Amino acid sequence: MGLTYKDAGVDKTKGYEEVKLIKSLIKSTNRDGVLNDIGNFSGLFKIDLKKYDKPVLVSGTDGVGTKLKLAFILDKHDTIGIDAVAMCVNDIICQGAEPLFFLDYIASSKLIPEKMAEIVSGVAEGCKMSHAALIGGETAEMPGFYGEGEYDIAGFAVGVVNEDKIIDGSKIEDGDVIIGLRSSGVHSNGFSLVRKIIFDNDKVDVNKKYDGLDDTLLNVLLTPTRIYYDPMMDIIEHVNVKAISHITGGGFYENIPRMIKDGYTAVIDLKDYEIPQIFKYLMTWADVHIEEMFGTFNMGIGMVFAVSKDELAKTEELLKKHGEDYILLGHIEEKETKEKICLNLK
């Protein structure tokens with residue numbers, strides 16, 4: 001037969017095995033609008049024009065980053081897919097969009113069908129959490145490119161919102177209230193710094209369950225990114241949300257200003273805010289300055305949004321219905337300054 005693809009390190013039969021393993025996972029995420037099954041060259045989705053008469057498609061793409069290194073260490077791969085979905089759908093929710101569908105891309109040095117199915121199980125779970133259909137994806141086997149046992153995952157989500165319902169910060173007014181929703185932990189940002197803190201410090205035991213943490217340090221850090229679909233979509237439907245920010249890489253200092261229009265500032269008072277224990281440990285283990293922490297991590301608050309003071313009571317009622325332990329962070333001030341955030345940490 002001569003030289004084959006398998007001789008070069010790519011076993012096509014493993015790909016066929018993987019497809020068989022993940023078909024049911026993908027099917028479990030189906031929702032109204034999905035027009036085809038896995039196996040086509042692309043995914044098809046039909047928008048409900050009765051619900052959206054002026055539809056605008058909203059897209060987002062992201063990966064999981066170096067948090068994957070922790071999954072490799074633990075050989076635990078069933079939650080990392082949730083991170084991939086969360087990083088995309090949380091972003092499109094910031095524009096007021098309903099997530100419609102998601103596609104993933106997974107590349108590895110060697111395709112192990114069972115491991116790929118484990119990863120996709122997390123992707124499917126994240127899709128179900130965000131009511132998005134998993135309508136396609138791609139798996140690439142790239143021998144010699146990734147280290148043994150390593151892989152990368154990225155995703156792409158598309159949502160829809162009526163043009164007159166787009167949330168872009170343009171309706172922000174002086175006195176609007178800023179509310180924060182809690183994160184599930186570090187989420188999927190800042191892990192280059194996290195890894196430097198925990199692996200370059202001989203005093204840190206990644207397998208230890210430290211006081212104030214629910215599990216070992218590695219397991220706590222691997223906790224998947226929270227998906228904010230349920231509370232945020234309900235609030236968006238019933239309240240005039242002025243602006244939303246997903247707190248990802250760059251923390252408060254980079255992300256909150258992105259939702260503030262020119263001429264206004266987010267005034268946030270956190271002097272009485274109790275920073276979650278995991279962030280306290282990361283800060284003290286490596287003597288990281290608190291401004292650096294709030295400029296890198298979510299610090300326990302993964303989603304921030306602004307509403308009118310007149311609608312605060314209604315918003316709080318909805319948050320309580322969802323069991324949210326929310327935080328009143330501050331307010332919007334009309335102010336001519338280049339600084340769109342004033343963060344009081346002391």
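## Ground rules

This is a predicted model, in which local features need pLDDT of at least 70 and side-chain atom pairs count only at pLDDT 80 or more, while totals for chains, interfaces and linings use all residues. Residues are numbered from 1 along each chain as its sequence is written, and side-chain values use heavy atoms, with hydrogens and water left out.

## The four-stranded sheet

Let's start with the open sheet of 4 strands, ordered β1-β4-β2-β3 with mixed pairing. Strands here are DSSP runs of E with at least two residues, helices are runs of H or I with at least four, and both are numbered from the N terminus; two strands pair if DSSP finds at least two bridges between them. At the edges sit β1 (55-63) and β3, each pairing on one side only. The twist averages 15° from one strand to the next (axes are lines fitted to C-alpha atoms, for helices over the stretch in contact, and angles run from 0 to 180 degrees between N-to-C directions).

β1 and β4 run antiparallel, with 9 bridges between them, and valine 58 faces glycine 159 in β4. Helix α4 (residues 113-129) packs on this sheet and touches β2, β3 and β4, its direction making about 165° with that of β2; contact means heavy atoms within 4.5 Å.

## The six-stranded sheet

A further open sheet has 6 strands in the order β6-β8-β5-β9-β7-β10, again with mixed pairing. Its edges are β6 and β10 (341-344), each with a single partner strand, so one side of each has no neighbour in the sheet. On average, neighbouring strands are turned by 25° against each other, direction ignored. Strand β7 (residues 264-269) and β10 run parallel, joined by 4 bridges, and isoleucine 268 stands opposite leucine 343 in β10.

## A stacked pair

There are 8 aromatic pairs, counted when ring centres of Phe, Tyr and Trp (its six-membered ring) lie within 6.5 Å; planes under 30 degrees apart are stacked, over 60 edge-to-face, and the rest tilted. Tyrosine 281 and tryptophan 285 are stacked because their ring centres are 5.0 Å apart and their planes at 15°. The two are 4 residues apart in helix α9 (residues 277-285), so about one helical turn separates them.

## Pockets and a cavity

The largest pocket has a volume of about 750 Å³. On a 1 Å grid over the protein atoms alone, a pocket is an open set of points with protein on both sides within 12 Å along at least five of seven lines, a cavity is a set where a 1.4 Å probe fits but cannot get out, and lining residues have an atom within 4 Å of a point. Points are joined across faces, edges and corners, and a volume is the space filled by probe spheres set on them. Of the 35 lining residues, Glu18, Val19, Gly137, Glu138 and Thr139 lie nearest the centre of the largest pocket. β3 gives the largest share of that lining, 8 residues.

The second largest pocket holds about 530 Å³. Its largest lining share, 5 residues, comes from α7. There is also 1 cavity of 30 Å³ or more, with about 50 Å³ of space; residues lining the cavity include Ile26, Asn30 and Leu134.
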